[in-house]
Amino acid sequence: MEIFENLSASSKLGNAELDAYSRAVRGVTETLEPAVISLGLQDGRGGGSGVVLGTDGTTATAVTNSHVVRGLGRAGGGRGNEGELRVTFSDGTSVPAEVLGDDPPSDLGVVRFTPENEPAVAALGEAENLVVGQLVVAIGSPLGFQSTVTAGVVSALGRSIRGQEGRPIENVIQTDAAINPGNSGGPLADTSGRVVGINTAIIGGAQGIGFAVPVSGAFRRVVFSLVTEGRVRRARLGVVVATQPSRGGVGGGAGVREVPPNGPARRAGVRPGDVIVALGNRPVRSNSDLLALLDESAIDRDMELKVLRRGKEVTLTVRPREQ
């Protein structure tokens, strides 16, 4: 075939049918993109993404990352126009927004705004149902490029990363879907278009390694608290712990590394080297288990604390305080 014949033939081709992979990604994009927002200050400072999870009359509520909105546009706070937090939709329209609350330990935040038109609302999935190798899609505004779609797979599950205050964010999703600054707060979705995570972090200098806060029971409780109270109440024991894996089915728990003075654990008699194995008659097999039990219900309540000390189980009474 001569080059001129080839050029002529190529101009007459019809639209090719999308392959299965492309159809899946395109389907997620069409479903989810209208619910994805860009967040930033009017003067151009800051920047991130979010996803609309609900509407109530004339207002809409979206979830994002705490580190995207920390200290910006909190409800009741005054700012000049230059420092006004705004949300921008995929069609380019923009409206002011206020931060209902944010929670650094989970790196989640919630914003509210009054859209000109009723926005699309994203459906939530369940990260617990994910499997390694599963296709996922991220949508956000990396480096200011709004409505950018990337796809990849679930690279690993059950990872732990450090939050803003040094507290670990447990069970995060690792993905190789391209995530860059500005994707933070945007959704990670499965092929049904349901949000299974909120993109939260990348590792500087690495390629193909991003993390998302999983949509789970803990996620739902945090968002509910931020919407209703503007904060998340947590209990603290006053210990520095690290997961101690079991050996031969024995000894797993939260290993105590430090017991700072004047804390609930010190007053209860906890010592460095102890391994916390139960709190309030609930088993503790890891640091994550212990953190999950230290919720609002544990504040200022006497609880039974079981520790392993030199191979023997010791029962103590502790009263966690509000963090």
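The model is predicted. The chain has 323 residues, and buried residues make up 44% of them. It is divided into domain 1 (1-232) and domain 2 (235-322).

**Overall layout**

- The protein chain contains 6 helices and 20 strands.
- Computed along its principal axes in the model, the C-alpha trace spans about 85 × 55 × 35 Å.
- Among contacts with a separation of 6 or more, 59% are between residues 24 or more positions apart.

**Nonpolar cores**

- The largest nonpolar core has 27 residues.
- Within this core, L32, V51, V63, L108, V195, I198 and F219 touch the most other members.
- Two or more residues of this core come from each of α2 (20-32), β6 (108-113), β7 (135-140), β9 (168-175), β11 (195-202), β12 (210-214) and α4 (217-229).
- Helix α4 gives the most to this core, namely 4 residues.

**Where the two domains meet**

- The C-alpha centres of domain 1 and domain 2 are 35 Å apart.
- The contact involves 6 residues of domain 1 and 5 residues of domain 2.
- About 440 Å² of area is buried between the two domains, and carbon and sulfur atoms give 35% of this area.
- The count of salt bridges between domain 1 and domain 2 is 1.
- On the side of domain 1 that touches domain 2, the largest share comes from β9, with 3 residues.

**Salt bridges**

- Side chains of opposite charge can pair when their charged atoms come close.
- The structure holds 14 salt bridges.
- One of them joins E126 and R220, whose closest N and O atoms are 3.2 Å apart.
- E126 sits in the loop between β6 and β7 and R220 in helix α4, so this pair links parts of the chain 94 residues apart.- E126 is partly exposed, with a relative accessible area of 24%, and R220 is also counted as partly exposed, at 34%.
- R231 forms a salt bridge with E322, with 3.0 Å between the closest N and O atoms.
- R231 lies in the loop between α4 and β13 (235-236) and E322 in strand β20 (residues 321-322), so the pair ties together parts that are 91 residues apart in sequence.
- R231 is partly exposed at a relative accessible area of 42%, and E322 is partly exposed at 31%.
- E296 and R233 meet through their side chains in a salt bridge of 3.1 Å, N to O.
- E296 is in the loop between α6 (287-293) and β18, while R233 is in the loop between α4 and β13, 63 residues apart.
- R231, R233, E296 and E322 are linked in a network of salt bridges.

**Asp274, a buried charged-type side chain in a loop**

- D274 is found in the loop between α5 (264-268) and β16 (275-279).
- D274 counts as buried because its relative accessibility is 2%, and buried means under 20%.
- The side chain of D274 makes a polar contact of 2.8 Å with the side chain of R309.
- Leaving aside neighbours within four places in sequence, the residues in contact with D274 include A254, V256, V307 and R309.

**Glu33**

- E33 is placed in the loop between α2 and β1 (36-41).
- E33 counts as partly exposed, at 22% relative accessibility.
- Leaving aside neighbours within four places in sequence, E33 is in contact with V28, S90, I139 and S147.
- E33 and P187 are 154 residues apart along the chain, and their C-alpha atoms are separated by 9.5 Å.

**Two residues with positive phi**

- D107 is not a glycine, yet it has a positive phi of about 55°.
- D107 lies in the loop between β5 (94-103) and β6, and D107 is buried, with a relative accessible area of 4%.
- R310 is not a glycine either, and it has a positive phi of about 55°.
- R310 is found in the loop between β18 (303-309) and β19 (312-318), and R310 is exposed, with a relative accessible area of 83%.

Technical notes: Residues are numbered from 1 along each chain as its sequence is written. This is a predicted model: local features need pLDDT of at least 70, side-chain atom pairs count only at pLDDT 80 or more; totals for chains, interfaces and linings use all residues. Side-chain values use heavy atoms; hydrogens and water are left out. A nonpolar core is a set of buried Ala, Val, Leu, Ile, Met, Phe, Trp, Tyr and Cys residues joined through side-chain atoms within 4.5 Å. Buried means under 20% relative accessible area, exposed over 50%, partly exposed in between (1.4 Å probe, protein chains only). Domain bounds come from an automatic or database domain assignment. Contact means heavy atoms within 4.5 Å. Buried area is the accessible area (1.4 Å probe) that two parts lose on being put together, summed over both. A salt bridge is a side-chain nitrogen of Lys or Arg within 4 Å of a carboxyl oxygen of Asp or Glu. A polar contact is a pair of N or O atoms within 3.5 Å; within protein, one must be able to donate a hydrogen and the other to accept it, and residues adjacent in sequence count only if both atoms are side-chain atoms.
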